[in-house]
Amino acid sequence: MGTTTPPRTLAEALRARGDESLAGLLRARPDLLNPVPNDITQLATRAGTRASVVRALEHLDRFALQTAEALAVAPDPAPYGTLLSLLTGDGLDDGEQRDDAGAAVTAALPGALATLREQALVWGEDDRLRLVRTARELLAPSPQHPSPTGLGPTVAEATAGMSPGRLQEILAATGLPATHDPVSAVAALSSLFTDRTRMAELLDTAPVEALSVLDRLVWGPPYGEVTPNPTPPVKWLRDRGLLLPVSTRTVVLPREAALHLRAGRAHRVPEPVPPAVAAAAERDPQAVDRAAAGQAFTALATVEELLKLWNGGGPAILRAGGLSVRELKRTANALDVTEPIAAFWIELAYGAGLLASDGETDERYAPTPASDEWLDLPAEDRWTHLATAWLAATRTPGLVGGQDAKGRALSALGPELDRSAAPDVRRRVLALFAELPPGTAPDAETLLRRLRWERPLRGGPAASATGQGPAPTEGTDLRSRLALWTLNEAELLGITGRGALSAQARALLAEGEKAAAARLAPLLPEPLDHVLLQADLTAVAPGPLERPLADMLSVLADVESKGGATVYRFTPGSVRRALDAGQAATDLHAFLAAHSRTPVPQPLSYLIDDVARRHGHLRIGAAAAYVRCDDEAVLNEILADRRSTGLRLRRLALTVLASRSDPGSLLEALRDMGYAPAAESADGDVLITRAGARRTPPRTPPVPVPEGPPVPDDTLLGAAVRAIRAGDTAATAVRKEPAHAPSSNAPSGALPRTTPAETLATVQAAAMTGSTVWIGYVNADGAASQRVIAPVRVEGGFVTAYDHTADEVRTYPLHRITGVAELAEDGKG
């Protein structure tokens with residue numbers, strides 16, 4: 001196509017683009033690649049479909065969207081100057097336009113227009129700019145879908161059903177001469193409204209109350225209700241066409257009149273420049289890094305505690321999926337956090353692949369085998385694993401406790417928590433953090449304002465997004481809520497510290513996990529191999545403990561308090577728990593002596609010896625259940641105790657009692673009565689009860705729900721552009737009509753059908769002469785297509801040829817070729 005010929009359609013405009021420009025279109029709108037279009041015409045058709053255009057509009061920033069909205073209310077086609085005047089005004093300012101704003105719009109408009117052109121939303125040269133038809137339908141004003149600009153229909157659209165007599169009455173009231181037909185009457189009225197001088201003279205004669213009515217309608221919405229007997233100001237406006245009837249009770253301010261009142265501007269406040277993210281506080285970068293590292297350590301400890309809490313089998317899964325409210329509360333209490341924060345930690349562990357469903361009949365949540373591998377990693381690597389999983393996850397724990405579209409409660413780990421926009425919002429929020437100097441905490445409100453500017457159609461209603469209504473309040477739209485949740489979650493996870501982005505998080509975003517781990521490692525405390533035993537039966541861990549020490553101490557003692565130091569308390573129950581796990585009293589004494597920086601207090605030694613002496617004195621087995629003891633007095637004491645009535649005990653022998661309760665219930669009941677029984681096997685051996693580690697089968701982390709098709713890489717883009725070019729070459733190639741073919745009613749451009757003999761002769765001749773032919777082909781699935789091929793060899797019922805459509809050498813069975821035609825000389829190659 002000659003470069004001097006202006007394109008007549010979007011397809012022609014795309015055909016004139018270079019390969020790099022086409023690749024940019026497919027990169028910006030990856031939905032156009034699914035599947036790869038056969039040719040440029042199909043690409044243009046797909047780019048004009050409603051779903052694709054809506055997706056493209058949703059990814060425009062506010063000024064690019066305002067540019068598209070201005071084109072939607074401009075004449076079609078519109079020159080560049082008209083578009084510029086709609087965004088800056090016509091120079092006769094009404095007092096609100098500022099010179100600096102006009103200069104900013106003038107400077108930013110070429111970039112916004114280039115974005116719209118790149119995404120195939122606008123095409124044509126600067127003197128004939130056209131918005132694609134679907135985008136115009138979406139953005140142009142209508143009674144059912146008001147324009148974000150606040151403008152109404154044109155005079156021609158508003159008077160479409162008006163009688164010729166009524167049109168002449170309006171012309172007479174405005175002082176215009178009568179016309180002979182409605183078309184010229186509408187043209188005269190439109191000319192009046194677009195003439196600044198004559199329109200100003202007309203408005204100078206208007207009553208003050210009429211001007212007040214226009215002021216209420218000028219920036220939208222342009223529709224108003226009237227009574228059957230309107231007030232004099234409204235009647236004055238209606239008689240002169242400044243208010244045109246839409247129905248018996250509704251009038252509208254025509255677009256041309258509104259633009260005059262707006263000084264020619266389509267938008268009240270054009271926003272060509274993104275709002276800056278303001279700083280809320282300036283902090284010491286090293287203090288920020290230390291605070292973030294401390295919170296990262298807390299995050300690791302919390303996730304480890306959650307895994308330990310669910311180690312023996314976590315809570316049951318609801319029938320509809322997810323975690324019940326009661327189990328969420330129980331987990332929150334165990335972690336000593338609020339329920340929303342507990343939901344975040346649960347979802348984080350789930351998203352990182354550390355928790356999953358066990359898949360059993362009695363389905364429960366449990367740690368995965370990957371959690372054991374994660375626990376063995378260094379602390380800095382465990383943190384980068386969690387942070388990376390959080391960045392990519394579409395799971396949105398902030399929704400827990402809310403309701404879905406059907407009014408059903410959203411539960412933690414439930415199936416309805418995926419929001420595809422979450423990863424993009426998280427990364428964008430952190431990118432805005434990273435643009436600020438180290439140690440700077442951004443102001444949340446300006447951060448939200450920037451996000452709304454970048455994605456106005458994702459940030460709330462179109463009116464609010466384009467400055468024609470109130471800005472969305474905090475949390476009213478999903479994107480803003482995702483941003484606020486990101487701020488809170490980043491602080492919990494140690495991505496930020498004291499509201500500012502940490503150095504390790506900057507490294508994670510810019511350089512990857514290894515660099516982030518290297519930055520974090522020096523800031524984390526080293527694990528300790530000792531505790532401080534105290535005389536009040538407590539042990540103080542002055543910092544994080546090595547894993548074997550922490551695991552053993554969690555069995556031998558109960559955690560009493562957490563903080564900078566963890567306090568453990570030894571009780572008869574905790575010591576019995578260690579004995580039940582197979583430890584002997586001598587083992588416990590040796591363990592404490594080896595890991596205490598202080599001497600083992602005498603009360604603690606007495607406690608261990610006393611519990612060990614009584615431990616296992618009573619033995620419980622299965623009869624349904626029995627109690628065995630060598631001391632008859634102890635059994636007599638149990639029988640005499642009123643608390644044992646519910647156990648329904650009876651004596652089988654001097655040293656044996658039988659019960660109808662199961663052994664587990666009997667064991668717990670006697671422990672509640674103050675005894676220290678031990679369970680025994682059928683052989684009379686003491687059963688060692690360790691906390692059973694329940695693991696799911698190998699599970700992969702949940703796959704994030706993508707927000708539309710993935711962005712293609714350069715290799716795929718290059719192959720797609722080549723395929724589209726090849727298909728377009730085949731579709732637009734000019735072919736010769738067979739000399740013997742009679743005239744037919746076949747549509748222009750249809751492939752003529754040929755006999756098998758004619759097909760064979762034509763492709764053999766093409767193979768000998770090296771020419772190119774056009775064929776119709778039906779594949780094994782019955783799908784028909786048209787291809788341009790250069791035959792190389794014809795033998796055995798097959799033709800081997802270079803396929804210009806597929807841009808590769810292929811072999812075709814001759815019996816599947818429905819017809820063949822030679823190409824004209826100018827279509828060759």
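Student: Which residues does proline 37 touch, not counting residues up to four places away in sequence?
Tutor: This is a predicted model, to be clear. In it, proline 37 touches Leu32, Gln42, Leu43, Arg46 and Ile724.

Student: And where is proline 37 found?
Tutor: In the loop between helix H2 (19-28) and helix H3 (40-47).

Student: Is proline 37 buried or exposed?
Tutor: Buried, because its relative accessible area is 2%, and the cut-off for buried is under 20%.

Student: OK, switching to H13. Which residues are buried there?
Tutor: H13 covers residues 208-217, and Ala210, Val213, Leu214 and Leu217 are buried. They sit on the same side of H13, because they cover an arc of only 95 degrees around the axis.

Student: What do the buried residues of H13 pack against?
Tutor: Helices H12 (196-204), H14 (232-239) and H15 (255-261), plus strand E3 (223-225).

Student: And which exposed residues are on the face turned away from the buried side of H13?
Tutor: Val208, Asp215 and Arg216.

Student: Last one: at what angle do the axes of H20 and H25 cross?
Tutor: Roughly 60 degrees, and the axes come within 12 Å. The two helices are therefore oblique to each other.

Student: Which residues make the contact?
Tutor: Trp383, Ala387, Thr388 and Leu391 from H20, with Gln504, Leu508 and Leu509 from H25. That's 5 nonpolar, 2 polar and no charged.

Methods
Residues are numbered from 1 along each chain as its sequence is written. This is a predicted model: local features need pLDDT of at least 70, side-chain atom pairs count only at pLDDT 80 or more; totals for chains, interfaces and linings use all residues. Side-chain values use heavy atoms; hydrogens and water are left out. Buried means under 20% relative accessible area, exposed over 50%, partly exposed in between (1.4 Å probe, protein chains only). Helices (H or I, at least four residues) and strands (E, at least two) are DSSP runs, numbered from the N terminus. The arc is that of the directions from the helix axis to the C-beta atoms. Contact means heavy atoms within 4.5 Å. Axes are lines fitted to C-alpha atoms, for helices over the stretch in contact, and angles run from 0 to 180 degrees between N-to-C directions. Angles under 35 degrees count as roughly parallel, over 145 as roughly antiparallel, 65 to 115 as roughly perpendicular and the rest as oblique. Ala, Val, Leu, Ile, Met, Phe, Trp, Tyr, Cys and Pro count as nonpolar, Asp, Glu, Lys and Arg as charged, and the others, Gly among them, as polar.
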